[in-house]
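Student: Please bring up the model. I would like to question it piece by piece.

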Amino acid sequence: MGENPKRGDVMATSVEWWGRRRVPVGSAGRWRIGPLTLWVQRIEGEWRIAHETGDDPLDVSLEEELPADVGDLLLKEGVARFVTAGKSEEVALAASLADRSVVTSSQQPLSVPPGEEVTVYVSSPLWLRVETGKPGRLLCEIPVFRPSDTWFGPDTTEGELCYASRTFHRVRLEEVPVRPHRATTAVKIKNRAKSMLALERMQVPVTHLALYRASDGRLWTQDVLFERASDDDFVALRLGGRGKPGAAGAGEVKQIAGPRIQPSGNIAMRAFTSLFK
Amino acid sequence: MPKILTAIYEWLQTEQAHAVVRAAVVVLIGLLLYLIVRRRLLRRKAVSPQSMMLRKAIGFVILAVTGLWALHELGLKMGVLLGAAGILTVAVGFASQTSASNVISGFFLMAERPFSVGDLIKVGETTGRVLDIEFLSVKLRTFDNRLVRIPNETMLKSEFANLTRFPIRRVDLEIGVAYKEDVSEVRRILLEVADKNPLCLDEPRPFFFYRGYGDSALKILFGVWATQENYFEVHTSLYLGVKQAFDRAGIEIPFPHLSLYAGSVTAPMPVRLVDTEKASAASS
């Protein structure tokens, strides 16, 4: 963690926006991470946190203002207050993946013929964790941009609640933009079944994945391997090795968050469904 | 020794006192057993109708056996008691046909399992959360915090809807727009409103249904899917969002129109423009 940037600094997209910051009693900080603006105020015995989310999910702004003149945060709508008996003046901003699986959907389905395999790159939104003290105690967790809910299952009576992410299911990494508040996942699909796989909707189990940062600033998750053996929507899920994401295209990486749920052994899951008719 | 203590001591030596003590012990053991079984069953937190009924049936059987055993220890002849109970059962049976019907209906409901405690159900005009499922009735708590008791027989006979059986539900909006509006533009705006609301499910896709020509408006049904927990929030936020989006786009949500037509034979009705008269009077 480097020194606190100066007031009103605009950071390059490759800069780490997470890490520990010092917010002395009586002062406040403001951060802009993509569409999310976050205010943190430290007063005697209390932390106050407020946030606002803009309309543009593609916004790549990165700003830090520390100290920031925020006035009385209590006047902001939705401000959260946390009491603290400790004297800690450090707040830690941490990045993590979504708290549910993300379902990617493409308007132009990608077809994977029997016997073929492909690596598609998809991106998913990040969550911001605000922690304080040592060891870090979680104060709140905020999505940088709240994705829409979506239903993933064969019908409306059976399935799982996930987040929706519209994507193009790109197969060339250079076409996937680098955004500071989204993580890229390399999903390798092996179609061992006898039928064609039309990749319309795909469930990426991000809660099982670790998060990394590559030297070019791109955020990566662990790789995912889906092996489809039968003609239904179920696959065997295997996760890539720790520390080598991006199907080896990420180069040197550093882990910045572990998985929310530790995966246990091989998992069979429903990974693909068509759109509801 | 005082006389009263002597009398008590002498009474305790009698067979009658022994019977009372035995009956008291039986009652204590029975109550203890009832409390233990009840606590064990409550710990399971099962809320299906079967488990609710089973809990109550087990408790009832333990208390009944305890009572009968205690009476037996007190010297009551069980044969006489059961004979009397038989006659009483016939009498009570005639008098409680409705209750018996409710109990039997309760067993059918248990077998069918159409809802559990905590489900939101709608019976006739009543909508509420299931609080309790008993031998005779189902108890609901309505949204305005009233307790509604519905006899099991009614539940079995009437049509009811379990609103929370499935994890997601469609929120239906009845919308009317003026005849002059472009329906495809209205459709685009509605889909955009749903798309911007993160609580509206992206999939299943929102449902746009053109219901036809109404008296005063083009009638549209717009259905958006949401989780059970978010149903009411989505309902309200969508109506607000649609109104704001229509206002921004200048799309009219018309009031009911009433055209007066006096027929071709009747002479046209005279119309007087009040504001124009006032304006001309003021200028002259």
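Student: How many residues does the contact take from chain B and from chain A?
Tutor: This is a predicted model, in which local features need pLDDT of at least 70, side-chain atom pairs count only at pLDDT 80 or more, and totals for chains, interfaces and linings use all residues. Residues are numbered from 1 along each chain as its sequence is written, while chains are lettered from A and ligands numbered from 1 in the order in which they are written. Two residues are in contact if their C-beta atoms, placed from the backbone, lie within 7 Å. By that rule the contact takes twelve residues from chain B and twelve residues from chain A.

Student: How do the residues on the chain B side divide by class?
Tutor: Ala, Val, Leu, Ile, Met, Phe, Trp, Tyr, Cys and Pro count as nonpolar, Asp, Glu, Lys and Arg as charged, and the others, Gly among them, as polar. The side of chain B that touches chain A has eight nonpolar, one polar and three charged residues.

Student: What ipTM does the model score?
Tutor: Its pTM is 0.75. The ipTM is 0.81.

Student: Why is strand S4 (residues 36-43) of chain A largely enclosed by the rest of the structure?
Tutor: Strands are DSSP runs (E, at least two residues), numbered from the N terminus. A residue is buried if 20 or more other C-beta atoms, placed from the backbone, lie within 10 Å of its own. S4(A) is largely enclosed because of its buried residues: six of the eight.

Student: Which residue of S4(A) is the bridge partner of A:Arg30?
Tutor: Two strands pair if DSSP finds at least two bridges between them. Strand S3 (residues 27-33) of chain A pairs with S4(A) in the antiparallel sense over seven bridges. In S4(A), the partner of A:Arg30 is A:Trp39.

Student: Which residue stands opposite A:Val40 in S5(A)?
Tutor: S4(A) also pairs with strand S5 (residues 46-53) of chain A, antiparallel, over eight bridges. Their hairpin has two residues between the strands, and A:Gly45 in the turn has a positive phi of about 75 degrees. Opposite A:Val40 stands A:Ile49.

Student: In what order do the five strands of the open sheet in chain B run?
Tutor: The pairing is antiparallel. The edge strands, S4 (147-151) and S5 (160-162) of chain B, each pair on one side only. The order is S4-S3-S2-S1-S5.

Student: Which residue in S3(B) stands opposite B:Gly128?
Tutor: Five bridges join strand S2 (residues 126-133) of chain B to strand S3 (residues 137-142) of chain B. These two strands run antiparallel. Opposite B:Gly128 is B:Thr142.

Technical notes
Helices (H or I, at least four residues) and strands (E, at least two) are DSSP runs, numbered from the N terminus. A residue is buried if 20 or more other C-beta atoms lie within 10 Å of its own, exposed if 12 or fewer, and partly exposed in between; C-beta atoms are placed from the backbone.
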